[in-house]
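Please look over the sequence and structure before reading on.

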Protein chains: 2
Amino acid sequence: MKREPKMLSVAIAGLGTVGAALVRQLRQHADLIASRAGQPIVIKAVCALAKPSRRQCDLSGIRWIADPRGLAALADVDVVVELMGGADGAALQLARSALANGKHLVTANKALIAKHGYELAKLAEKNGVQLSFEAAVAGGIPVVKTLREGFAGDKIDKVSGILNGTCNYILTRMREEKLSFAAALADAQKQGYAEADPAADIDGPDTANKLAILTALAFGVKPDLSSVRVEGIRRITPLDLRFAEELGYRVKLLGTARQTPQGIEQTVGPSLIPELSPLAGVSGTLNCIFINGRFVGPITLVGRGAGGEPTANAVTADIMDIARGERGFAFSSPASRLRPLKAGKTQPMRYYMRLQVQDRPGVVADIGKIMRDESLSFESLIQRGRSQMKSVPVIVTTHAGDADAMKRAAKKIAKLSTVTEFPCLMPMEDI
Amino acid sequence: MKREPKMLSVAIAGLGTVGAALVRQLRQHADLIASRAGQPIVIKAVCALAKPSRRQCDLSGIRWIADPRGLAALADVDVVVELMGGADGAALQLARSALANGKHLVTANKALIAKHGYELAKLAEKNGVQLSFEAAVAGGIPVVKTLREGFAGDKIDKVSGILNGTCNYILTRMREEKLSFAAALADAQKQGYAEADPAADIDGPDTANKLAILTALAFGVKPDLSSVRVEGIRRITPLDLRFAEELGYRVKLLGTARQTPQGIEQTVGPSLIPELSPLAGVSGTLNCIFINGRFVGPITLVGRGAGGEPTANAVTADIMDIARGERGFAFSSPASRLRPLKAGKTQPMRYYMRLQVQDRPGVVADIGKIMRDESLSFESLIQRGRSQMKSVPVIVTTHAGDADAMKRAAKKIAKLSTVTEFPCLMPMEDI
C-alpha cells in the first residue's frame, strides 16, 4: 500500500478580508511554509456566504462547502479555521463540532474565545487537539504566543494595551487635526476603519473581548468578560486632547488587567498616558501591548492590530505550530488549572477631570467640597478663559484616589447648577 | 517496575548573573512551570567557575560538576543549558558533545550561535534534539520565537534593532546630559553596564553577532558574521546628537539586515532615525527590534535586552518549549534548506556628515567638488558659528547616495587642509 505523503489539511470557514488573505498567504508562500512547518499545508475546503473574486484569492482545486457545519465532518481535514465571527451561532457550533470530531481549531474570533474559550479549551484537551487564537487579539502582533510561550515561566502583574485600531485612529485624528469626535468617526467610517454601527469599537466591547483573553493568558484564569469595567471614547473632545498634551500626556483607549492584592482588575477606558511612554507614540490604526513580568520586566509590542494580511499571518503561524506538533495549552495552563477570576478592587489612580462651568464666584469652592467629602485631593486645578456668557473649561488633576469615589464625585459635580455638562473623567496611567 | 514520573531534567553550565537568575526562576516558579510545561522541570546538575552565594541562588539538592564537559555525559539529563559564553573553547565543546549525546541544547551565547550556529543546527537535527537560543538576542524580548514561529509563514524584508544596551545607555546619557563619549562610557562602566574593556559593545561586534542570528532566522540563510559591515560609536560627539535633534532625528547604534535585489545587506553602525520612529523613544539600556514582513507589516518589540532575570526568562521559555515537545528548526528552516548568505550591495541611503573646518573662504567649494566627483548631492549644508581661531562644525545632509562613494568622499574631505578632523558620517534610516 502506497502511503500518502505527510501533509496538514485545512478547511476555512469565512472568506472575508482575513480569509482571502489567508488563502493568498498559504498559496503564495507554500514552499516556505512547507519547509518551515516540516510538511505542506493544504487547503482542502472552504465555506463562505459569498464567493470572493478571483482577484481576492484563487480557490482552484479547493472544495466549496455550502454549510459551515459540513466542514467539521470532513474526514480528510486536520485543522478547521473559523473566520466567521460572532460569539455564538454558527461560529460556536462549528468550533464545538470541529473539536469534538478531533480536529484542531484555529480562530480569529475574539468574541467567541472571550465568551466560550474555557469550554472550548476543555473540549480541545479532551479530544487531544489544539485550540489556537493568535489572530483574535491585536492581529499581526504575536501577543498570544508571547504570553503563552515566551513568558510561560514568568508571573505577570500587568497587561495593558491599545487594542482597538478604530479608536486609536479616531483619537489620533482628533488630536492631529483638532477634529470633533463626530467628525473623526465619520472620517474613520469613510476610510473603512469603522463600521456603520461603530458601537462595538468606540464603546469598548471589542477591546473588552481582547482584554479578557489576554487576562486569561497572563494570569492563568478563565476568561471573564463580565468583570471588565468598560467605558468608551464618545465623551472625549479635542479640548481634552489638548489639555492632556499640555500636561505632558496623550489620550488612548486602554484595556488594562492588573494583579491587585484582592484579585485581578480589568478595565477598558480612555486614559492619559505620559508622552514619553512607549505607548504614547503608537498612533493611527496601530495596536500595542505592554506586559510586565517579574523576571522579564516591561515589554512593549507594537504593530498592525487588524487588516486581512497581518491577521492572516497570525492564523498561518497557528496552523504551522500545529503542523510542527505544538501541544501547548490554549490558555497557557491546562483548562483544569484555570482559576475563576476573582475581580480585584480598582487600584487608586490619579485622575484627570474636565468640567465645563459658568464663570461665577463659588464654583471652585463647591467642587472642592465635593472632592473633600469623597476624600479626594487636588493635584492641580486650572480654569481656562473667562466668559460671562459661555461655560469655560476647568481642568482638575487629582492625587491617587479611589475610582468609585471619583465617579461619585463626578456625578455630584455634574448636578451643580454652575456645571453645564457631565465631567469628562479619565485615569492617568503610569505606563 | 515502578515508572518514574515524567519530568524534564536540566543541567546548567555557567552560574553568573543569568545562571543564578535561571536557578531562581526554575525553583521559585516551579509549580507554574510544571503546570504550563506539562511536566516538572528539574535542575539535576550545575557547573561553574565559582559557587554563587546562597543569596544569589539556592543549589541545595543539585549536583555540582567540576568540568563542564561532564555535563554532556550525564545519563539522567535531557537538556544542557550553556551560559558560559565565548564563541569557541569550552562552550563550543560542550554544545557539540551535548547535541551529539542526544541532549537538547539551550544557550544564551550569541557569539557561539553567530559563528557555529549552522554546524550546531545540523548536529541537533541529526540527533533529533532541539537547539534553542532565545536568550542569545535581546535578552527578554522574544524575538527569536517571533521570527521562528510567529512570522514563519511570512517573507521578511527588513530586521533592524537597537541590540546593545550599553551603547544605547551611552548615547542616551550623551544626549540627555550633554556628556562626552568618554564621560558617558566611564559612567556606564561605573553602573556596571559596560565592561572594563568595552570594545565588544562600543565597537559593534556584540551587535553584529546578534544581527547575524536575526538575519539567519528572518531570511533563511546560514548565519554569516563575516559579511556584516561594522562600525562603532566612538566617533560620536554630543554635538552630533544635538544636530541630529535639530534635524528631527535621534542617534542610535542600529544593527540592520535588509533584502536587496542583489542579496542581503547587513550593517551595524550609528544611524540617524526620525524622532517619531517607534525606535527613537527607546532609551537607556532598553533594546528593541523592528521587523517588516510582507503580510504582517511592521512590528516593533521593546524590552530589556540584558540582565540576569530577563535573559533567564528567555532560557526558561526555551526549556518549557522543549518540555511541551516543541520540534521547530533552530533557524526556522531545516539546516539543509539554509542558503549561504549572498551579501547585498549597500542600498543608497541619505547621509549625515559633520565636518570640523577652519572658517576660510573656499572650504565649501572644495567639499562641493569632492561630493560632485562622487556623484553625491547635498540636501543641506549648515555652518555653525564663526571663528578665525578654532574649527567650526559644518553639518551636511545628502540625498540618497552610494555608501562606498560616501566613504570615499569622507576620506578625501578629511585630507583637505581646512578640515581639522575625520568627518563623522552616519546614514539616515527611514524606520
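The model is predicted. Chain B can be laid on chain A by a turn of 180°, and chain A is assigned three parts: domain 1 (8–136), domain 2 (143–306) and domain 3 (350–428).

**Symmetry of the two chains**

- Superposing chain B on chain A takes a turn of 180° with a shift of 0.0 Å along the axis, and the RMSD is 0.0 Å.
- The relation is therefore that of a two-fold axis.
- The same surface serves both copies, as 100% of the contact residues of chain B recur in chain A.
- B:Leu301 comes closest to the rotation axis of the residues of chain B, with its C-alpha at 2.3 Å.

**Contact between chain B and chain A**

- On chain B, 50 residues are in contact with 50 residues of chain A.
- Elements of chain B that each supply at least two residues to the side touching chain A are α2 (30–37), α6 (143–150), β12 (297–304) and α12 (308–323).
- By class, that side of chain B divides into 20 nonpolar, 18 polar and 12 charged residues.

**Domain 2 and domain 3 of chain A**

- The C-alpha centres of domain 2 and domain 3 of chain A are 25 Å apart.
- The contact between these domains of chain A involves 13 residues of domain 2 and 9 residues of domain 3.
- On the domain 2 side, α11 (238–246), β9 (249–259) and β10 (264–274) of chain A give two or more residues.
- α11(A) gives the most to that side, with 4 residues.
- The side of domain 2 of chain A that touches domain 3 of chain A has 9 nonpolar, 2 polar and 2 charged residues.

**Helices α7 and α8 of chain A**

- Two packed helices are described by the angle between their axes and the distance between the axes.
- For helix α7 (residues 165–177) and helix α8 (residues 181–190) of chain A, the axes come within 9 Å and cross at roughly 125°.
- α7(A) and α8(A) are therefore oblique to each other.
- The crossing of α7(A) and α8(A) is right-handed.
- α7(A) brings A:Thr166, A:Tyr169, A:Ile170, A:Arg173 and A:Met174 to the contact, where they meet A:Phe181, A:Ala184, A:Leu185, A:Asp187 and A:Ala188 of α8(A).
- The residues of this contact of α7(A) with α8(A) comprise 7 nonpolar, 1 polar and 2 charged.

Definitions and conventions:
Residues numbered from 1 in each chain as written. Chains lettered and ligands numbered in written order. Predicted model: local features only at pLDDT ≥ 70, side-chain atom pairs only at ≥ 80, totals over all residues. Axes fitted to C-alpha atoms, helices over the stretch in contact; angles between N-to-C directions. Parallel < 35°, antiparallel > 145°, perpendicular 65-115°, else oblique. Left-handed = near helix turned anticlockwise from the far one by under 90°. Contact = placed C-beta atoms within 7 Å. Nonpolar A, V, L, I, M, F, W, Y, C, P; charged D, E, K, R; others polar. Domains from an automatic or database assignment. Least-squares fit on C-alpha atoms with pLDDT ≥ 70 in both.
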